[in-house]
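Welcome! Please take a moment with the sequence and the 3D view before reading on.

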Number of protein chains: 2
Amino acid sequence: MSDSADLRIVAVPGFPLVESGTDLVAALLDCLRDGPLALQDGDVIAFAQKVVSKSEGRHVDLATVTPTPTALELAAVVQKDPRLVELVLRESRRVVRAAKDVLIVEHRLGFIMANAGIDQSNVNGSSESALLLPEDPDGSAHALRAELRRRTGRDVAVLVTDSFGRPWRVGTTGVALGAAGIASIRDLRGTPDMFGRTLRVSVVGHADEIAAAASLVMGQGAEGRPVVIVRGLAATASHTPARSLLRPPGEDLFR
Amino acid sequence: MSDSADLRIVAVPGFPLVESGTDLVAALLDCLRDGPLALQDGDVIAFAQKVVSKSEGRHVDLATVTPTPTALELAAVVQKDPRLVELVLRESRRVVRAAKDVLIVEHRLGFIMANAGIDQSNVNGSSESALLLPEDPDGSAHALRAELRRRTGRDVAVLVTDSFGRPWRVGTTGVALGAAGIASIRDLRGTPDMFGRTLRVSVVGHADEIAAAASLVMGQGAEGRPVVIVRGLAATASHTPARSLLRPPGEDLFR
């Protein structure tokens, strides 16, 4: 398996606003048509989690949410809307850290992340609406990839990406919540280095690095460039879902 | 400040093996000459930490290292060479986690990382040699940038990059140890989103995302592509060093 030495990372121009039920594949192909960005075998298409969640109708009207006493108590600690905190708890296995303005949980899918990934910014509609993560981001990626293949004949990979904060370092970086058609982690253990010794630290968070690269062109604010094409990556020999990026609790020294 | 929507990430072809005293800027310009990759204003040049360390002569002959009793004790826990452990302790403020095969420390510069970034793989020469991080990676980046400007007249940014493991997620991802001529973190707080609301989580680890993108083409094994050009990023309004990516201990819930 050879690495690539020349990549292009480009935002899909003119991607429309996404609502519940929007056909993301149709929207993408409409943007690309037969232009220079028309899909090629080996492309990796990164979809921002928000548009995947929106298309899957993962909105929740906060007016319909009644906080439990536990949520009310936690909301007082973190100083967030108790209805939002209620949704966070419903989406989570446990609270990892709670402090003023900070609510980090283990999402039911295993992600350690702020607010269970629930977002009120950039959600179409009123500020009383919250947007949950996709039910199954690896499944979403798989479905998008299959549909892209069906309509174009192209063998592409798909990522569903988000941005996570992290311990010790300032700022969020792109991560892969879902992946299909690519190795989310690349295990280079046993690969000889330039001098023939075996590499030591050599399991790479491949899909997260691609997500970080995509994040550079997605932008975060008013730009709205939620779909990015990464072109030029070498194919990976095996495909592993993004859930393989989650460190098993027993192997995690920081849990 | 506008984001970019079209990036190119390309490894510098034919970068030579680096030894103590190698002039990295001369080597880079020799590889690029007047070809299509000749430097342009706004390019970001990512140098792998290893070549910066090598050029700065940061090798240590392990035969010259005498472990203290503390290092011997810790080496028995982590099952590593006591001389390497001694060097790790000399380079560190404290041990964060120690277990079999795992030694995570707070480097004297503040990085939370395995083995204080000391590497025995890909080090030119005998396996008895260790390679420390650059003395001052932000300073290294600054000097490389100034020298590139002096010799080419181009206004480029420079990163010194490495790969770190992280809690909770499998695999390493690229990070910036040093930076010059770019905002290592981008603070988008107060930026309105598409619907005019203020973004919530909006401090981005910009230099780390660039480092992750560069890592995709650097490769990890026998390829040896330690210098990468990132072309097409919009200039950042301010420049902040990579040390701004280190979360102050008082603000870190995971310290």
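Here is a short tour of a hairpin, a helix and a proline.

This is a predicted model, in which local features need pLDDT of at least 70, side-chain atom pairs count only at pLDDT 80 or more, and totals for chains, interfaces and linings use all residues. Residues are numbered from 1 along each chain as its sequence is written, while chains are lettered from A and ligands numbered from 1 in the order in which they are written.

**The hairpin in chain B**
- Strand β4 (residues 92–99) of chain B runs antiparallel to strand β5 (residues 102–107) of chain B, and 6 bridges join them.
- Strands here are DSSP runs of E with at least two residues, and helices are runs of H or I with at least four, numbered from the N terminus; two strands pair if DSSP finds at least two bridges between them.
- B:Ala98 has B:Leu103 in β5(B) as its bridge partner.
- Between the strands of this hairpin there are 2 residues, and B:Asp101 takes a positive phi near 70°.

**Helix α6 in chain A**
- The 13 residues of α6 (residues 206–218) of chain A reach 18 Å from first C-alpha to last, close to the 18 Å expected at 1.5 Å a residue (1.5 Å times one less than the number of residues).
- In α6(A), 13 of 13 residues are buried (20 or more other C-beta atoms within 10 Å of the residue's own, with C-beta atoms placed from the backbone; exposed means 12 or fewer, partly exposed in between).

**A proline in chain A**
- A:Pro82 is found in helix α4 (residues 82–90) of chain A.
- A:Pro82 counts as buried because it has 20 C-beta neighbours inside 10 Å.
- A:Pro69 lies 13 residues from A:Pro82 in sequence and 9.5 Å away in space, C-alpha to C-alpha.
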